[in-house]
Amino acid sequence: MSKNVSENKNDSIKESGEGKTRLKLAIQKSGRLAEESKELLDKCGISFNKSKDQLFCAAQNFPLDVFFVRDDDIPAFVASKVCQVGIVGQNVLNEENILSRNQKLRMVEEILPLGFGRCRLSLAVPHGFEYQGPHSLQGKIIATSYQGILSHYIAQQNIGAEIVDMRGSVEIAPRIGMADAICDLVSSGATLAVNGLKEVETIFQSEAVLIRSPDITAQQNDILNRLITRITGVMQAQSSKYIMLHCPVERVEQIRRVIPGCDSPTILALQGRSDTVAVHAVCNEGIFWETMEQLKSQGASDILVLPIEKMLD
Ligand code: PRT
Ligand code: ZN
């Protein structure tokens, strides 16, 4: 890793201008978090031209340098000051925290959940296994790539079970006789189903998070705060909608109560119509067909629901 990083670092310094303070962010190069991490930066208005195998890239319009690495390396990059921030799954951060002897790693801080990469680390057993609770795993063999989190869990539950460490294809372990149960990440559950396994216990819930190093300069902290403000704006915009409707003047209060997550809508007069007003509001929740039907039954008409691109409080 260090050879490529230092070669590419020189490229970045050339591109970004020597001496100017920049924040360094590590994201997954390819895999389940890669696209959404890049998309998030894009929605924050941060653009960079990355060629396929580039490990390092300087944003053109924001003081940010992005490292593209394996997700497992991200906590160590942030702990070792190669980067000040990173985007990684809580599962990886926690696992690295438990397993690593690096004290600095424990000081890496989660600063913002990002709402993507959601999954759970679960125990699963073959359908024929009579599972009655964690104690059913007493004396059994459990295959996992998450030794750290799993050993913490079995110690907490006071179970004596053997852990077999596997780097991939954990779900096949019971079928080939390597283990009685597995502990792996699950999102839809389809992988467990095709391998004849049932999920019996969730031991850790995870999503992608923004992490930061404790060693960060005041200028880098300013850049980080700007980045956090943009990310928060993007996330708020994603979960919010702009609603516009017409309603009889005397129904405004009832209508306001139906609009989800809205305290003070904007009320606008309509030209030539003294009995009807336009109501505009930002709703910080999704609007379902049921809500629109309810608004209509309260006297609203011409209801429009629009996506919001950006938001800044
Ligand atoms: O190459 P690199 O080391 O960077 O990537 P990787 O192969 O180690 O990780 P990757 O890209 O598979 O996952 C990156 C992160 O995505 C994980 O650390 C989690 O934080 C998150 N994530 C979200 C998931 C899943 N969902 C997920 N479903 N990671 C893995 N899976 C796998 C799981 O291991 C199992 O094999 O998907 C399968 C189960 O999926 P379902 O939908 O069938 O339940
Ligand atoms: Zn990985």
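**Hairpin E13/E14.** I started with the hairpin that E13 and E14 form, with 2 residues between them. Gly272 sits in the turn and has a positive phi of about 75 degrees. The model is a predicted one; local features need pLDDT of at least 70, side-chain atom pairs count only at pLDDT 80 or more, and totals for chains, interfaces and linings use all residues. I noted the conventions: residues are numbered from 1 along each chain as its sequence is written, chains are lettered from A and ligands numbered from 1 in the order in which they are written, and side-chain values use heavy atoms, with hydrogens and water left out.

Strand E13 covers residues 266-270 and strand E14 residues 273-283; they pair in the antiparallel sense over 5 bridges. Two strands pair if DSSP finds at least two bridges between them. Helices (H or I, at least four residues) and strands (E, at least two) are DSSP runs, numbered from the N terminus.

**Sheet of 4 strands.** Which order do the strands of this open sheet have? I read E13-E14-E12-E15, with antiparallel pairing. E13 and strand E15 (301-307) stand at the edges with a single partner strand each, so one side of each lacks a neighbour in the sheet. Neighbouring strands here are turned by 20 degrees against each other on average, direction ignored. Strand E12 (residues 241-248) pairs with E14 in the antiparallel sense over 8 bridges. Leu245 has Val279 in E14 as its bridge partner. Helix H10 (residues 289-297) packs on this sheet and touches E12 and E15. The direction of H10 makes about 150 degrees with that of E15. Contact means heavy atoms within 4.5 Å. Axes are lines fitted to C-alpha atoms, for helices over the stretch in contact; angles run from 0 to 180 degrees between N-to-C directions.

**Sheet of 5 strands.** I then turned to the open sheet with the order E8-E7-E9-E6-E10 and mixed pairing. Its edges are strand E8 (162-165) and strand E10 (197-206); each has a single partner strand, so one side of each is left without a neighbour in the sheet. Strand E6 (residues 119-126) and strand E9 (residues 181-186) pair in the antiparallel sense over 5 bridges. I looked up Arg120: its bridge partner in E9 is Val186. Helix H4 (residues 90-99) packs on the sheet, touching E9 and E10, and its direction makes about 80 degrees with that of E10.

**Positive phi in loops.** Asn158 is not a glycine, yet its phi is positive, about 60 degrees. Asn158 lies in the loop between helix H6 (147-156) and E8. Is Asn158 buried or exposed? Asn158 is exposed, at a relative accessible area of 69%. Buried means under 20% relative accessible area, exposed over 50%, partly exposed in between (1.4 Å probe, protein chains only). Ser169, in the loop between E8 and E9, has a positive phi near 45 degrees. Ser169 is partly exposed, with 44% relative accessible area.

**Zinc site.** I checked the zinc ion (ligand 2): Asp71 (OD) and Asp72 (OD) coordinate it at 2.0 to 2.1 Å. Donors are N, O and S atoms within 2.8 Å of the metal (3.2 Å for Na, K and Ca); water is not among the atoms, so sites may look incomplete. Asp72 is partly exposed, with a relative accessible area of 29%.

**Confidence.** Mean pLDDT (the predictor's confidence in each residue, from 0 to 100) is 91 for the protein, and 94% of its residues reach 70 or more. Over residues 1-18 the pLDDT is below 50.
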